[in-house]
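Here are my notes on the model, point by point. Please read them with the structure open.

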Amino acid sequence: MNNDEKSLQTAITEILGQVLAQGEKTAAIQKALEAHSTVQTLNLWQKRMGDADTAALADALKVNKTLQRIDLSNTQLGAEGARVLANALKVNKTLQRIDLSNTQLGAEGARVLANALKVNKTLQRIDLSNTQ
């Protein structure tokens, strides 16, 4: 990856982070990932992710062909977010790593993610450390 591609990835991540930090309920994530097909890493660490934000991200993951890593650690992701994320993981063919540490998935969230892993063959690592 060249410097221009790295700069683009950094800019997209920062813009999405700002949108989420402002609490805007929007499909900005989905639009950005669809428009910029070179993004391989998305860091949304410590962003306020509501159900609408998580649903938009999940929709983007269903069609995105380049994203390999995503960090959703220290977000407010709960069981409902895990459910929509799990549905996306069932069809996503590129994501290799996802960080869900320090979230509130609960037993139900863990169960739906485990079921998604039965279908997903590309995901190599899920970090669930300190998850309740």
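**Notes on the predicted model**

1. Pocket size. This is a predicted model, and its largest pocket has a volume of about 160 Å³.

2. Pocket lining. Which residues line the largest pocket? They are Thr-41, Leu-42, Asn-43, Arg-69, Ile-70, Asp-71, Arg-97, Ile-98, Asp-99, Arg-125 and Asp-127. Four strands each supply at least two residues of this lining: S1 (41–43), S2 (69–71), S3 (97–99) and S4 (125–127). By class, the lining divides into six charged, three nonpolar and two polar residues.

3. Overall layout. The chain has five helices and four strands. Read from the N terminus, the order is α-α-β-α-β-α-β-α-β. Of the 132 residues in the chain, 41% are buried. Look at the contacts with a separation of 6 or more: residues 24 or more positions apart account for 85% of them.

4. Nonpolar core. In soluble globular proteins, nonpolar side chains tend to be buried together. Here the largest nonpolar core has 25 residues. Leu-57, Ile-70, Leu-72, Ile-98 and Leu-100 have the most contacts inside it. Helices H3 (51–63), H4 (79–89) and H5 (106–117) each supply at least two residues of this core. H4 gives the most, with six residues.

5. Leu-72. Take this as one of the core residues with the most contacts. Leaving out residues up to four places away in sequence, Leu-72 touches Leu-44, Met-49, Leu-57, Leu-85, Ile-98, Asp-99, Leu-100 and Thr-103. Three of the names in that list, Leu-57, Ile-98 and Leu-100, are also among the core residues with the most contacts.

6. Helix H4. Its buried residues are Gly-81, Ala-82, Val-84, Leu-85, Ala-86, Ala-88 and Leu-89. What covers them? The cover includes H3, S3 and H5.

7. Gly-109. This residue is found in helix H5. Is Gly-109 buried or exposed? It counts as buried because its relative accessibility is 0%, and the cut-off for buried is under 20%. Beyond residues up to four places away in sequence, Gly-109 touches Ala-79 and Ala-82. Ala-82 is also one of the buried residues of H4. The C-alpha atoms of Gly-109 and Val-84 are separated by 9.8 Å, with the two residues 25 apart along the chain.

8. Ser-101. Its place is in the loop between S3 and H5. Ser-101 is buried, at a relative accessible area of 6%. Its side chain is joined to that of Asp-99 by a polar contact of 2.7 Å. Asp-99 is also one of the residues lining the largest pocket. Neighbours within four places in sequence aside, Ser-101 is in contact with Ser-73, Asn-74, Asp-127, Leu-128, Ser-129 and Thr-131. Asp-127 from that list is another lining residue of the pocket.

9. Positive phi. Two asparagines deserve a check. Asn-102 has a positive phi, near 55°, and is not a glycine. It sits in the loop between S3 and H5. At 30% relative accessibility, Asn-102 counts as partly exposed. Asn-130 also has a positive phi, about 55°, without being a glycine. Asn-130 lies in the segment after S4. Asn-130 is exposed, with a relative accessible area of 59%.

10. Asn-64. This residue is in the loop between H3 and S2. Why does Asn-64 count as buried? Its relative accessibility is 7%, and buried means under 20%. A polar atom of the Asn-64 side chain lies 2.9 Å from the backbone nitrogen of Thr-66. For the backbone nitrogen of Leu-67, the distance to a polar atom of that side chain is 2.6 Å. The C-alpha atoms of Asn-64 and Gln-40, 24 residues apart along the chain, are separated by 9.9 Å.

11. Lys-93. The loop between H4 and S3 holds this residue. Lys-93 is exposed, with a relative accessible area of 58%. Its C-alpha atom is separated by 9.2 Å from that of Gln-68, 25 residues away along the chain.

Technical notes. Residues numbered from 1 in each chain as written. Predicted model: local features only at pLDDT ≥ 70, side-chain atom pairs only at ≥ 80, totals over all residues. Heavy atoms only, no water. 1 Å grid on protein atoms, 1.4 Å probe; cavity = no way out; pocket = protein on both sides within 12 Å on 5 of 7 lines; lining within 4 Å. Points joined across faces, edges and corners; volume = space filled by probe spheres on them. Nonpolar A, V, L, I, M, F, W, Y, C, P; charged D, E, K, R; others polar. Buried < 20%, exposed > 50% of the residue type's maximum accessible area, 1.4 Å probe, protein only. Polar contact = N/O pair within 3.5 Å; in protein donor to acceptor, adjacent residues only side chain to side chain. Contact = heavy atoms within 4.5 Å. Core = buried A, V, L, I, M, F, W, Y, C linked by side-chain atoms within 4.5 Å.
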